[in-house]
Amino acid sequence: MQCAHTLFFPTSFRLTPSQLLIYLMSNKTDQINFSINQLESLLGQLSLSKEPYNLTTSISNLISGLQSCKQALSAQNTERDAREHWWGLVTKAGEICATFAKTDNARGPIGSSGTIELAVDFLRLNTTNEYPSANVQCLRVLANLCIDNEQNRKRTLDSGGIEAILSNFNHKNNLEILRTASGTLLNAGLEYDPINIEILRLGGLESLVWILEPDNVLIKDIDSARTTVHFTARVILNLIGTDEGKKKFANAAALSSLINLLSYASSPEATEEDIDILEIVIEILEIVALENDEIQQIIVLQGLLIPLLDYLEYSKPPNENDQSLSKKYGEWKAVVLKIVVATTMTDSNMNVLFDNGVILDRFFQWLNIGSSRDDLQICAALSLGNLARNDAHCIKLVQEFNVVKPLIQALTSSAKNFKIQHAVVGLLKNLAIPVSNKAPIGSMGVIELVSPLLSQDTIQPIQVGVVGILKHLSVTNASNSKRIILGEHVPDIADSPKPLSRLLSVIQNTDDISVRSEGTRVLVNLIKNIWSQDCFSTLDRDLVFHLRSRLNTLEVVQPISKMITESKYPLLQNEGIIGLTLLVIDDSANLRGSNPSLEVLTNNQNDGSVANSQIPSSDSNPIPSSSTSLPSSSAPLIDFILAIIINNQEKYPDEMRINACGLLEKAVKTSNRSYKQYFRDHIPSSLSPLLDPSRVRPVSEMVKRDVENLLRDLDYMDSIIYANSDLL
């Protein structure tokens with residue numbers, strides 16, 4: 001370390017102030033020149049050494065010499081030759097420091113010596129890029145010192161280094177500076193978000209996005225250009241690892257440049273460097289676009305969806321014999337496919353995309369492309385399913401674009417391709433919702449085509465979708481109900497179960513609550529349709545009674561009963577009550593000698609042999625009218641129905657309680673003497689307290705009226721009236 005010099009003057013020797021200043025400045029210049037000369041000698045010695053130790057032991061002298069260069073370069077009106085000489089020394093020193101900083105154990109001593117702060121200062125002194133080599137070497141110093149060294153990253157940040165580095169992106173014609181600056185930001189911000197946040201704060205993203213655009217840098221088509229873009233893409237990957245980075249990337253320029261780069265890097269002539277860039281681009285897209293509605297909207301409004309579709313359809317690895325690379329391309333396409341599907345799911349994009357004939361035609365073409373490109377079929381079906389989320393779109397897809405035909409073809413040829421099956425079934429489920437679509441879809445054999453998929457009990461989403469199709473197609477449609485029951489297009493042979501049989505099987509065997517409950521709702525739809533008077537205007541009378549006989553069976557009644565006793569949702573319980581009410585009044589059941597609804601209504605739920613059971617004993621305990629809990633799941637169904645009417649939990653609306661009364665009333669009217677006695681022993685003791693005028697929670701007049709009618713059918717009202725008259 002250099003010591004300060006002390007100046008002595010004879011007492012008889014006196015200088016004026018101006019003379020003293022000139023003397024001091026000349027002395028300081030001599031010191032600077034002396035330090036610079038020492039630096040030049042030191043650099044000559046270090047350039048011959050390959051040991052970091054030699055630099056770390058002489059680092060203080062190096063820093064002193066560089067500080068002298070800094071002072072000299074900061075002075076005004078210096079000769080050009082001198083400035084070039086000094087910048088040359090800075091460049092040489094930077095090169096030596098950057099080289100030694102590649103070694104792990106050298107980064108600490110060099111970084112703590114003041115080298116980082118000096119490198120930043122020299123970048124500020126050379127903002128006009130008059131000496132580009134000096135900037136390159138100073139950037140290299142910062143880049144290498146920041147490798148795996150959080151302290152040096154903090155020094156770079158605290159010294160204002162990020163702003164100094166970003167200023168180098170103004171030199172857009174100097175590829176070497178752009179490459180080195182982007183590499184410096186990459187090393188500095190790797191797993192160190194304070195620097196990434198500072199880059200964003202200073203507006204650095206805009207400069208980085210400019211580099212991504214292929215027409216700006218990659219047009220040079222040289223290796224250093226690709227390296228520059230590769231570094232820049234990785235910097236952006238660091239930036240979007242922050243919440244602020246994700247927000248700032250949601251702009252048209254950034255997305256356009258990124259997707260244009262996707263197209264460039266995935267060309268058939270792609271180099272290894274291009275493929276590396278492609279991988280990063282896909283990763284960026286996955287992070288910013290997969291779950292961001294704002295970015296998905298920008299993709300559509302800026303016309304960027306078509307390049308994504310082109311990538312899916314046309315991109316392929318330069319060497320298709322490279323299995324590892326082909327696998328990567330497949331994985332990258334899967335990411336883009338998800339982004340496309342997610343983009344079509346955004347509500348704000350639905351109408352815009354549906355009205356875009358070019359994109360819609362592209363999806364139609366993909367549906368017809370054949371199983372060799374199942375990825376495109378899947379993308380088209382899922383995307384159209386997202387666009388088919390209102391009746392107008394669904395009706396147009398079915399009745400104008402005739403989209404059901406290619407969907408049938410895709411399902412027919414899909415064999416065990418569960419992904420295609422899931423995508424197609426999901427679209428068909430949406431298309432089946434509008435009333436005017438039910439008949440044409442049903443007439444094309446969709447019911448018979450999808451029902452075998454119910455047997456795939458390991459593919460729960462497909463089962464849910466198929467049940468959804470059957471549910472939608474069976475709403476207020478007798479013809480489709482007939483197809484579900486009889487399987488119109490299914491050969492009548494032993495190994496071809498009817499759709500209804502498959503549905504009952506999956507309801508009975510599945511552990512999935514949604515499949516079981518939605519499947520049971522299909523049964524209720526069938527019952528409503530076939531017991532509707534309108535059914536006779538659509539179907540032959542004898543056929544209607546035949547269909548009723550297929551539905552009024554224990555196999556159908558039991559799951560409906562379970563929906564009432566096991567479901568947490570009053571809506572589903574109410575549907576079950578309505579279905580059983582229609583079944584219990586069916587005359588054909590009594591003609592066959594049994595009434596499954598009565599049997600299930602009065603027998604324990606855990607007894608699977610109801611069909612062979614006797615009418616239950618009348619001495620079983622009725623439900624207490626004061627009970628605040630529902631019966632156990634093994635209790636007779638009647639206990640649940642009574643609990644709904646009593647409504648001690650105040651869970652059920654009056655309309656549902658009235659429906660429950662209606663079920664019991666119809667059951668009483670259709671029952672024989674033994675069943676009626678069972679009802680007499682169970683119903684009055686549970687429901688008569690509802691008629692008590694002193695009841696704390698009064699019953700609505702509608703419910704009270706229906707309870708009275710039910711008790712009257714049991715010949716019980718007279719005894720109540722008689723008892724009340726005694727009290728009077």
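Predicted model: local features only at pLDDT ≥ 70, side-chain atom pairs only at ≥ 80, totals over all residues.
Residues are numbered from 1 along each chain as its sequence is written, and side-chain values use heavy atoms, with hydrogens and water left out.

The protein chain contains 42 helices and zero strands; helices (H or I, at least four residues) and strands (E, at least two) are DSSP runs, numbered from the N terminus. Of its 728 residues, 51% count as buried, where buried means under 20% relative accessible area, exposed over 50%, and partly exposed in between (1.4 Å probe, protein chains only). The accessible surface of the protein chain is about 33900 Å², and carbon and sulfur atoms hold 50% of it; such areas come from the Shrake-Rupley method with a 1.4 Å probe, and for residues only the protein chains shown count as cover. Among contacts (heavy atoms within 4.5 Å) with a separation of 6 or more, 70% join residues 24 or more positions apart.

The largest nonpolar core has 220 residues. A nonpolar core is a set of buried Ala, Val, Leu, Ile, Met, Phe, Trp, Tyr and Cys residues joined through side-chain atoms within 4.5 Å. The members that touch the most other members are F249, L308, L428, L431, I641, F679 and I683. Helix α16 (residues 272-289) gives the most to this core, with 10 residues. Leaving aside residues up to four places away in sequence, F249 touches L205, I236, I240, A254, L255, L258, I284 and V288.

Seven aromatic pairs were counted. Rings of Phe, Tyr and Trp (its six-membered ring) pair if their centres lie within 6.5 Å; planes under 30 degrees apart count as stacked, over 60 as edge-to-face and the rest as tilted. The pair W87 and Y131 is stacked, because the ring centres are 5.5 Å apart and the planes lie at 25°. This pair links distant parts of the chain, with W87 in helix α4 (residues 80-100) and Y131 in the loop between α6 (115-125) and α7 (132-145), 44 residues apart. W87 is buried at a relative accessible area of 2%, and Y131 is buried at 11%. A tilted pair is formed by F364 and F401, at 5.0 Å centre to centre and 45° between the planes. Here F364 belongs to helix α21 (residues 357-367) and F401 to the loop between α23 (391-399) and α24 (404-412), 37 residues apart. F364 is buried, with a relative accessible area of 14%, whereas F401 is partly exposed at 29%. W87, F122 and Y131 form one aromatic cluster.

Most residues other than glycine have a negative phi. T476 has a positive phi, near 50°, and lies in the loop between α28 (460-474) and α29 (478-486). Its relative accessibility is 64%, so T476 counts as exposed. N647 also has a positive phi, near 60°, and is placed in the loop between α38 (637-646) and α39 (654-670). N647 is buried, with a relative accessible area of 9%.

The axes of helix α34 (residues 554-566) and helix α35 (residues 570-584) come within 8 Å and cross at roughly 145°. Axes are lines fitted to C-alpha atoms, for helices over the stretch in contact, and angles run from 0 to 180 degrees between N-to-C directions. In α34, V557, I560, M563 and I564 meet L572, Q573, E575, G576, I577, L580 and L583 of α35.
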